[in-house]
Amino acid sequence: MSAEPVLSVRDLVVEIPTRGGLLRPVDRVSYDIGAGEILGVVGESGAGKSMTGNAVIGLLDRPARITSGEIWLNGERIDQLSMRELRKRRGKQIGMVFQDPLTSLNPLIPIGQQLTETIREHLPVTAAEARQRAIRSLEEVGIPAAAERIDSYPFEFSGGMRQRVVIALALCAEPSLVIADEPTTALDVSVQAQIIALLKRLCRERGTAVMLVTHDMGVIAETADRVAVMYAGRLAELGPVREVLTEPHHPYTSGLMGSTPLASKGQPRLHQIPGSMPRLGALPDGCAFNPRCPKAQDKCRQNPEPRIGPADPRAACWFPLGETA
Amino acid sequence: MLAYIIRRVLQSLLVLLVVGLVAFSMFRFVGDPIDNMLGQERTVADIERLRDQLGLDDPFVVQYWNFLEGAVQGNFGISYRQGRPVAEIIADRAPATLELAAVSGILALGFGIGLGIFTAIRRNGFSANLIMTLSLVGVSLPTFLIGILLIYIFSVELGWLPSFGRGETTQIGGWSTSFLTESGLKALILPAITLGLYQMTLIMRLVRSEMLEVLRQDYIRFARARGLREKSVNFRHALKNTLVPVITVTGLQLGSIIAFAIITETVFQWPGVGLLFINAIQFVDIPVMAAYLMLISVMFVGINLIVDLLYFAIDPRLRIDGRH
């Protein structure tokens, strides 16, 4: 990886106080993303993927909050900034693409205005220049006849086109990091590939770091450079995408790969990981995955899983698959 | 668009005709105007003659037709009580009611929308909760009680403001205004608050709940994620989306401010058309009642039309639908 990562998350903990006790939807998560790199974050619903992204951009819904850990963006620590300072960095340094393009654009404001207001918020340009930039950024995301369509309202575009507009909005102030939270989940399969290719191309060209949150292993395989697998708020495995997908070290990743149609070609039935992810309020002792793990031993039930580090630089597991198998 | 307006105007005319028909079918139950019009020493012949002269023996449909015939020519008949043309009487009284309604409406809209936004943004703040609690008073107390309470506090106890009438008025053309004199403005305060309070709390609670709903939407999150200022997020992105339902309700409420000024005008002896109508009912002054009811329905229908046109101005999706 290049010299200094664009985003560096260290031991991030997000907690939600509830009547039943403190929940930790994100538990000691650490990772880096370098310039031009795409980090895929995968996991089941509720594994803490989106919550990690929201924590980075500072849009956690109360009462969820960051209770410990550090977030560094371009060499600056941002997790302790005031709302006001953080706001200035949103859009300008961190862009975000949401899941559903049908609901993420304001229905009553023409797309051009939504673009220019964002551009003018962050860059010292005149209204006319902002409009030119807006047209250019619509052209870049592949909106045909951008100059004519800039004054159209969101409802005049199809779902795929709207997601292109959303991407243009996220990138229009040229942020160094883009968080894409399930950017293709709400789209037609035929459009998904286009959107992913678009996101990938734009970020490559500009050297933007991307955090791609998804539960689609296929998207990860095609797009990401490295992948972070999350389970019950914790990082289960983190490594280069080829290695993690073809030769997983964590039993959970292995189970996940076995459950993916792509990877289990030819099998009559898809493999299932027995049981389901525990609720955050009812995590087991020891490793969070141990009740479902085929390799669980006493050590796993008694001790929390090791952090990704010396034992296995890739997987948070006492008995990683690469070595014991 | 033009076709739409024409269609709506035609529909409105139909509504007006039906309202008038219903009104005329009910006038005979209000009482017999003859009793009030002729003194003690009337003869049966007098009564018969007058009744025939006023056309009171005709079926109500015929009476209605005669009224309409006059109305389209700008002639609303002669008041039984005052013996003057109804159009003239109403023109005398209308400025008082319209000024009162305008001030109440502006109060209700301004404070209603402002406080609604405030209580939505500071959802859990102390002052927001206090306002919400106090607003229950406005929603639940009947108008006449609020009027009497205000009179008791500010006129009787504190003696700051007059308890009845319009104060001094100034004539500008045919319009008598109380905006230009101090006593006129003072006299306006209590009735305006009384009339507008209910609408204000209603608008405020509506704006608040719509705003809370809108603030949860993805596009608000996205607007924040783009680093827009809170001010821009709240007032540009959120407020605009709350306006469509707010305008619907507000439009109807503004109509009812004028219509229900009757109660406030009675409490404050405000010399407007509402008070005129109450007196007309007591005297069974059919021409005045008919003209008043038509006037109110014209206003309701007109406001509704304006509201529908405002939708087009606010929501671009409707404009497209209109073209098909």
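Before I look at any pairing, a note on terms: two strands pair if DSSP finds at least two bridges between them. Strands (E, at least two residues) and helices (H or I, at least four) are DSSP runs, numbered from the N terminus.

**Ground rules.** I'm working with a predicted model, where local features need pLDDT of at least 70, side-chain atom pairs count only at pLDDT 80 or more, and totals for chains, interfaces and linings use all residues. Residues are numbered from 1 along each chain as its sequence is written, chains are lettered from A and ligands numbered from 1 in the order in which they are written, and side-chain values use heavy atoms, with hydrogens and water left out.

**Entry 1: strand β8 in chain A.** I looked up residues 209–213, which make up β8(A). Five bridges tie β8(A) to strand β7 (residues 177–181) of chain A, and the two run parallel. Strand β3 (residues 38–42) of chain A also pairs with β8(A) in the parallel sense, over four bridges.

**Entry 2: is β8 buried or exposed?** I take buried as under 20% relative accessible area, exposed as over 50% and partly exposed as in between (1.4 Å probe, protein chains only). Five of the five residues of β8(A) are buried. In a regular strand the side chains alternate between the two faces of the sheet. I find Ala209(A), Met211(A) and Val213(A) on one side and Val210(A) and Leu212(A) on the other, with both faces covered.

**Entry 3: chain B overall.** I counted 14 helices and two strands in chain B. The C-alpha trace spans about 85 × 60 × 35 Å along its principal axes. Chain B has 324 residues, and 44% of them count as buried. For contacts (heavy atoms within 4.5 Å), I took those in chain B with a separation of 6 or more: 70% are between residues 24 or more positions apart.
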